[in-house]
Amino acid sequence: MQFRDLNQQYQCYKEEMDHAVAEVLSSGLFIGGGKVAELETRLAEYVGVKHCVTCASGTDALYLALRVWNIGPGDLVFVPDFTFFASAEVVSMVGATPVFVDVDATYNIDPSDLEKKIQKALNEGLNPRGVIAVDLFGLPADFALLRAITNQYNMFLLEDGAQGFGGAIDSRKACSFGDIATTSFFPSKPLGCYGDGGAIFTDNDDWAALASSLKVHGKGSSKYSNVRIGLNSRLDAIQAAVLGVKLNHFDTELQRVNEVASKYDELIGTSRVLCPMIPKGRTSSWAQYTIRLENPIIREELRKAFQRIPIPTMVYYPTPLHLLPVYKELKDADCPNAELFSQTVLSLPMHPFLNQSEIEHVSQIVSDTVAQCV
Ligand SMILES: *Cc1c(COP(=O)(O)O)cnc(C)c1O
């Protein structure tokens with residue numbers, strides 16, 4: 001059993017995929033070209049925003065957004081404490097300071113802790129500029145509340161949709177909720193390519209133009225008239241071709257992972273395991289199916305039980321950001337949920353090609369192991 005079965009996915013779309021990649025190879029256009037532009041149009045349409053600007057990774061996409069808003073030294077950016085490192089790393093990359101905010105039972109940023117920490121920063125005479133809200137494990141954050149807060153304090157709202165692409169709140173798609181939203185096409189993300197890739201989404205014409213310049217060495221009207229310091233961060237044509245094929249099948253896969261999640265919910269259903277909490281109106285893209293155990297000992301017992309079979313499971317994330325060595329000067333961030341969750345969560349195999357007996361097997365291991373723990 002695979003944690004995320006990219007091989008089976010390739011076998012399923014092989015003919016279409018090989019054809020799309022071969023087309024790029026014989027075109028000789030490896031950077032840019034029509035494939036990338038076509039993909040950007042399709043992605044913007046899918047998400048329901050005006051502009052999609054692709055780039056070389058989800059990390060670069062976040063970095064580009066902060067550069068577009070000129071966020072830098074002296075600025076505070078509020079980041080959930082329980083997420084992949086890159087969500088905070090980019091804040092440090094531009095010279096600004098991350099402020100870690102606790103998460104709630106959905107694993108997403110807790111709006112009430114956010115507001116408390118913004119007020120504390122203001123009382124200390126600091127300069128809150130933006131909030132990065134992560135759609136963790138595929139579940140869109142609480143953007144109604146977050147938007148109210150960023151409006152009140154006149155801050156930017158950046159949606160890190162690296163895991164969220166495909167999710168929704170009511171009929172509105174993830175990656176449309178931030179002033180700028182970003183995603184990642186890392187192979188194991190909901191929409192993944194065969195290498196690194198990323199994109200930013202926005203309705204703002206000026207920001208899209210600025211991001212397009214920054215990602216190609218700060219180009220001006222031509223490539224060799226540089227008007228600002230940028231970077232080299234382009235999605236290549238082969239990855240665009242791969243993503244084009246995967247996008248054709250994306251909604252079918254999305255439906256399938258939602259069925260897998262419902263099956264897990266139903267079969268694991270014991271009061272001693274917390275299945276993912278999906279608030280009303282929200283749809284997850286199921287980047288991960290993450291359960292939570294009563295205590296760290298049971299989590300370790302369960303992890304070992306899966307290892308013995310072996311069935312792959314993962315701990316996302318083993319360390320809250322404020323306890324990472326690199327952020328030792330920020331270790332006093334008050335984030336008790338993030339600390340607890342890092343010791344009690346476990347992500348189970350999740351992908352569109354899991355079959356009924358595999359789902360039953362995984363669920364059985366969870367139920368049996370937990371029942372044996374006192
Ligand atoms: C994967 C991920 C990123 C970084 O994306 P890359 O394409 O690997 O650079 C950022 N934020 C979150 C929440 C992620 O899961």
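## Conventions

Axes here are lines fitted to C-alpha atoms, for helices over the stretch in contact, and angles run from 0 to 180 degrees between N-to-C directions. Helices (H or I, at least four residues) are DSSP runs, numbered from the N terminus.

This is a predicted model, where local features need pLDDT of at least 70 and side-chain atom pairs count only at pLDDT 80 or more, while totals for chains, interfaces and linings use all residues. Residues are numbered from 1 along each chain as its sequence is written, and side-chain values use heavy atoms, with hydrogens and water left out.

## Helix pairs

Take H5 and H6. Helix H5 covers residues 111–123 and helix H6 covers residues 143–152. Their axes come within 10 Å and cross at roughly 10°. H5 and H6 are therefore roughly parallel to each other (angles under 35 degrees). The crossing of H5 past H6 is right-handed, meaning that the near helix is turned clockwise from the far one by less than a right angle.

Now H3 and H4. The axes of these two helices come within 9 Å and cross at roughly 40°. That makes H3 oblique to H4; oblique covers the angles left over once under 35 degrees (roughly parallel), over 145 (roughly antiparallel) and 65 to 115 (roughly perpendicular) are taken out. H3 also passes H4 in a right-handed crossing.

## Ligand shell

The ligand is surrounded by 14 residues, each with a heavy atom within 4 Å of it. The closest are Thr59, Asp160, Gln163, Ser184 and Lys189. Helix H3 (58–68) and helix H4 (86–93) each supply at least two residues of this shell. By class, the shell has four nonpolar, eight polar and two charged residues. Asp, Glu, Lys and Arg count as charged, and Gly is among the polar ones.

Taken alone, the ligand exposes 380 Å², and the protein buries 92% of that. These accessible areas come from the Shrake-Rupley method with a 1.4 Å probe.

## Backbone geometry

Two cis peptide bonds deserve a look. One joins isoleucine 309 and proline 310, with omega about -5°. Another joins tyrosine 316 and tyrosine 317, with omega about 5°. Proline 310 lies in the loop between helix H9 (296–308) and helix H10 (336–344). Tyrosine 317 is placed in the loop between H9 and H10 too.

Histidine 217 has a positive phi of about 55°, although it is not a glycine. This histidine lies in the loop between helix H7 (205–214) and helix H8 (237–268).
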